[in-house]
Amino acid sequence: MIRQWQLRAAFAARLSEMYGREVPAYTTLVDVSREVNEDVLRARGADAERLGSIGRVTAERHGAIRVGTPGELRQVARVFGSLGMRPVGHYDLRDTAGSALPVVSTAFRPVTEDELARNPFRVFTSVLTVDDPRFFNADLRSRLTEFLAGRSLFPPELLALADRAEAERELPDELAERFLQLAVAAFELSAEPVDRAWYETLARVSAVAADIGGVRSTHINHLTPRVLDIDELYRRMTARGIEMIDTIQGPPHRPGADVLLRQTSFRALAEPRAMRAPDGSVTRGSLRVRFGEVEARGIALTREGRARYDRVLALADEGAAQRPPAEREDVARALWAAHLPATERELAAQGLGFFTYHAVPDRPGDGSTPPADIGTLLSRGWVRAEPLVYEDFLPRSAAGIFQSNLGDSGSRNSGPHSGSYDADWLAGAVDRDVLDPFALYEGPRDRSLAQVADALGLATTPSPG
Ligand code: OOG
Ligand code: NI
């Protein structure tokens with residue numbers, strides 16, 4: 001029997017092999033990431049594993065896929081559900097700063113600490129907002145709807161195996177093998193010729209719309225390894241002659257505790273694709289949509305910490321508008337320093353970061369009663385705090401990554417948008433609960449605080465921060 005987490009780990013590994021064959025530069029990215037991680041581990045020792053064991057980090061990937069309809073999203077949810085991955089978070093990239101992307105998204109990922117430690121594979125999944133009139137007029141909408149209704153992304157055999165794996169949380173060896181083959185194949189780039197006129201019609205609205213609705217299958221858009229020092233990775237990739245996008249998205253580099261997520265990518269490469277002309281003839285063309293991305297993960301921020309992050313972004317935008325690009329990094333760094341503490345201790349004491357708390361075994365043995373608040377418990381050595389790594393995505397960075405890899409920024413008419421793509425719409429479309437990322441970090445934190453209270457015999461559970 002192959003257990004659910006083993007299926008997830010095997011799927012991630014095989015997808016990685018497949019993507020490496022399709023996009024060889026991805027393999028370079030994985031190799032350089034591994035080298036950087038080994039160097040960081042040598043230099044920092046155990047500290048390098050504070051946000052995940054080296055085993056976890058080395059195997060860690062996130063993928064990105066894009067689908068066209070709620071029906072397709074529901075099938076994706078069944079495939080990932082079989083791997084123990086649940087939809088977490090609602091990202092609306094239509095209005096995220098500076099972008100005009102006709103999608104809303106969620107991330108499928110494992111949600112418990114144990115499952116994340118076994119293999120944290122996650123997939124950022126976007127669905128086209130076909131009914132948003134700012135992108136698609138009535139005529140295009142009906143053609144698109146008809147096109148999407150006529151395709152099927154996943155074979156029935158795959159879906160049946162997925163349902164069984166989800167219900168039983170394991171599959172017999174032979175069926176597991178069959179399932180993995182079908183699942184990986186579903187995300188391969190199709191060799192079927194692309195209808196050039198239709199693709200270009202959609203590309204005039206948005207390159208993302210064309211990538212989703214211009215072809216008859218889906219494919220993995222990118223697969224992202226995790227690196228422990230993304231600034232060093234950026235330098236090494238550039239030194240190898242691989243053209244990276246201009247920036248690292250997310251918080252700027254600074255000494256101290258890493259928070260949230262920093263990401264960068266290399267530019268989308270031209271890939272050969274067969275094209276069908278209106279007269280039916282097939283020629284060799286090329287499309288530029290898939291790229292390589294890499295990320296560094298930091299400590300998850302609480303709602304309050306996250307509000308600070310969003311505030312810093314807004315202030316950095318204002319500051320950047322008045323300054324030349326070369327100075328923007330400094331502006332951002334100064335704002336970070338002013339608004340968010342740089343040490344784990346302060347992030348914990350001020351309730352800005354997520355941690356689990358643990359009674360220290362050799363705590364003060366002088367018979368004194370322990371203090372009741374978490375800040376004092378920490379500073380007097382009764383309790384230690386272990387950071388929780390950020391397992392999700394950032395809408396602004398996601399939009400930035402999408403955008404930086406598109407030829408042009410696409411078009412969106414102004415005017416009222418249809419409000420129907422909110423979190424409730426997403427939950428209805430995917431036909432599952434879409435989980436709140438904050439609640440997923442609060443769970444282990446609150447359980448650990450209750451254990452601390454128990455171990456120290458406190459009358460009330462200490463509140464964080
Ligand atoms: C998804 C872009 C978002 C990330 O890492 O933020 C993303 C896409 O390009 O389909 O993957
Ligand atoms: Ni990504």
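My entries below go through the ligand, the ring pairs and the backbone.

**Ground rules.** I am working with a predicted model, where local features need pLDDT of at least 70, side-chain atom pairs count only at pLDDT 80 or more, and totals for chains, interfaces and linings use all residues. Residues are numbered from 1 along each chain as its sequence is written, chains are lettered from A and ligands numbered from 1 in the order in which they are written, and side-chain values use heavy atoms, with hydrogens and water left out.

Next I checked polar contacts to the ligand (N or O pairs within 3.5 Å). The side chain of Arg-66 has an N or O atom 2.8 Å from a ligand 1 oxygen. For His-62, a polar side-chain atom is 3.0 Å from a ligand 1 oxygen. The side chain of Glu-293 places an N or O atom 2.9 Å from an oxygen of ligand 1. Alone, ligand 1 exposes 310 Å², and the protein buries 100% of that (Shrake-Rupley, 1.4 Å probe).

I take helices (H or I, at least four residues) and strands (E, at least two) as DSSP runs, numbered from the N terminus.

**Entry: rings.** I counted 16 aromatic pairs (Phe, Tyr or Trp six-membered ring centres within 6.5 Å; planes under 30 degrees apart stacked, over 60 edge-to-face, the rest tilted). Tyr-91 and Phe-393 have ring centres 6.5 Å apart and planes at 85°, so they are edge-to-face. Tyr-91 is in β3 (residues 86-92) and Phe-393 in the loop between β14 (383-387) and α16, 302 residues apart.

**Entry: backbone.** Most residues other than glycine have a negative phi. Arg-169 has a positive phi of about 60°, in the loop between α7 (156-168) and β6 (170-171). Leu-260 has a phi near 50°.

Methods
Polar contact = N/O pair within 3.5 Å; in protein donor to acceptor, adjacent residues only side chain to side chain.
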